[in-house]
Amino acid sequence: MPEVIENARRANLDAIVLTGSDEASCLESVELTKAYPGFLYSTAGIHPHHASEFSVAETLPLLRSLCELPQVVAVGECGLDFNRDISPREQQLSCFSAHLELAAANRLPLFLHERDAHDAFLSVLREQRASVAAGVVHCFTGTLEQAKAYLDLDLHIGITGWLCDERRGQHLEEVVRYVPIDRLMIETDAPYLAPRDYRPKIKRNEPKYLPHILESVARCRGESAETLAPQLLSTTRQFFGLAG
Ligand SMILES: [Zn+2]
């Protein structure tokens, strides 16, 4: 891990938000942030894949206590994944609702995951949107229409190396052009989603590849990476409430 952090610093990253996806990874992420204060931050939440492990009696108190830590800057990742249906949909829905309440109670933004569940996801968010401060639909992979529906709810859109995938990412180009700069963020989703067009080929994704996502987004928008970077950084800092 120190090497991954060093690589990220060398790639000029200003900060990293680690993503918790189950109890163990939330605890591990928060532990890591302690070694790199002001550089590493964390989310706290249960990914829809793990929704069946979520319990109001045990998981919720843990998440509540994590949310009180200053380095925990968002609730998530949470949401709905009907693509793989690893947890039953009923459990995904109740787990997601608990996260919305958690975010509202702690005045934290939401780090949201949605795959093949747009309609259900949107209707939950429509009902609860007023109670939460902000939310990013992380690793957005949907259509322009879906992006517009999220922007109508004043949500942010997170773009990963999915954009760099010539087989399945091309439709994201119009999304990237459409999203206003104060609603757009970039992320690696490391260790997943290594950008496919990177050479030499990447075996395991790392935060250090974020500048590659930046270049791809800049190219799509017809802007220079130098102009875009500070704008994306400012949107990101504001969203997570990171000191600048
Ligand atoms: Zn996700």
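This is a predicted model: local features need pLDDT of at least 70, side-chain atom pairs count only at pLDDT 80 or more; totals for chains, interfaces and linings use all residues.
I count a residue as buried if 20 or more other C-beta atoms lie within 10 Å of its own, as exposed if 12 or fewer do, and as partly exposed in between, with C-beta atoms placed from the backbone. I take helices (H or I, at least four residues) and strands (E, at least two) as DSSP runs, numbered from the N terminus.

Residues are numbered from 1 along each chain as its sequence is written.

**Entry 1: strand E6**

I looked up strand E6, residues 156-159, and found both of its faces covered. His-156 and Gly-158 are buried on one side, and Ile-157 and Ile-159 are buried on the other.

I then checked its pairing with strand E5, residues 135-137; two strands pair if DSSP finds at least two bridges between them. E5 and E6 pair in the parallel sense over 2 bridges. Val-136 has His-156 of E6 as its bridge partner, and Val-137 stands opposite Ile-157 in E6.

**Entry 2: the sheet**

I traced the strand order and got E1-E2-E3-E4-E5-E6-E7, an open sheet of 7 strands with parallel pairing. Which strands stand at the edges? They are E1 (16-18) and E7 (184-186); each has a single partner strand, so one side of each is left without a neighbour in the sheet. The twist averages 30° from one strand to the next.

For the angles I use axes that are lines fitted to C-alpha atoms, for helices over the stretch in contact, and angles run from 0 to 180 degrees between N-to-C directions. For contacts I require the C-beta atoms of two residues, placed from the backbone, to lie within 7 Å.

Helix H8 (residues 210-221) packs on the sheet and touches E6 and E7. The direction of H8 makes about 140° with that of E7. Helix H9 (residues 225-240) also packs on the sheet, touching E1, E2 (40-44), E3 (72-81), E5, E6 and E7. The direction of H9 makes about 95° with that of E7.

**Entry 3: helix pairs**

I sort angles as follows: under 35 degrees is roughly parallel, over 145 roughly antiparallel, 65 to 115 roughly perpendicular, and the rest oblique. A crossing is left-handed if the near helix is turned anticlockwise from the far one by less than a right angle, and right-handed if clockwise. Ala, Val, Leu, Ile, Met, Phe, Trp, Tyr, Cys and Pro count as nonpolar, Asp, Glu, Lys and Arg as charged, and the others, Gly among them, as polar.

H8 and H9 pack at about 110°, with axes 9 Å apart. H8 is therefore roughly perpendicular to H9. Their crossing is right-handed. From H8, Leu-214, Glu-215, Val-217, Ala-218 and Arg-221 meet Ala-225, Leu-228 and Ala-229 of H9. I sorted the residues of this contact into 6 nonpolar, no polar and 2 charged.

Helix H3 (residues 59-67) and helix H4 (residues 89-106) pack at about 30°, with axes 11 Å apart. These two helices are therefore roughly parallel to each other. The crossing of H3 and H4 is right-handed. H3 contributes Leu-60, Leu-63, Arg-64 and Cys-67 to the contact, and H4 contributes Ala-98, Leu-102 and Asn-106. The residues here divide into 5 nonpolar, 1 polar and 1 charged.

**Entry 4: backbone exceptions**

I listed the cis peptide bonds next. One runs from Gly-76 to Glu-77, with omega near 5°. Is Gly-76 buried or exposed? Gly-76 counts as buried because it has 26 C-beta neighbours inside 10 Å. Leaving out residues up to four places away in sequence, Gly-76 touches Thr-43, Gly-45, His-99, Leu-110, Phe-111 and Leu-112. Gly-76 and Leu-112 are 36 residues apart in sequence, with 6.3 Å between their C-alpha atoms.

Another cis bond runs from Ala-190 to Pro-191, with omega near 10°. Pro-191 is in the loop between E7 and H8.

Leu-193 is also in the loop between E7 and H8. Leu-193 is not a glycine, yet its phi is positive, near 55°. With 22 C-beta neighbours inside 10 Å, Leu-193 counts as buried. Beyond four places in sequence, Leu-193 touches Thr-160, Gly-161, Trp-162 and Asn-205.

Asp-154, likewise not a glycine, has a positive phi of about 60°. I found Asp-154 in the loop between helix H6 (144-152) and E6. Asp-154 has 10 C-beta neighbours inside 10 Å and so counts as exposed.
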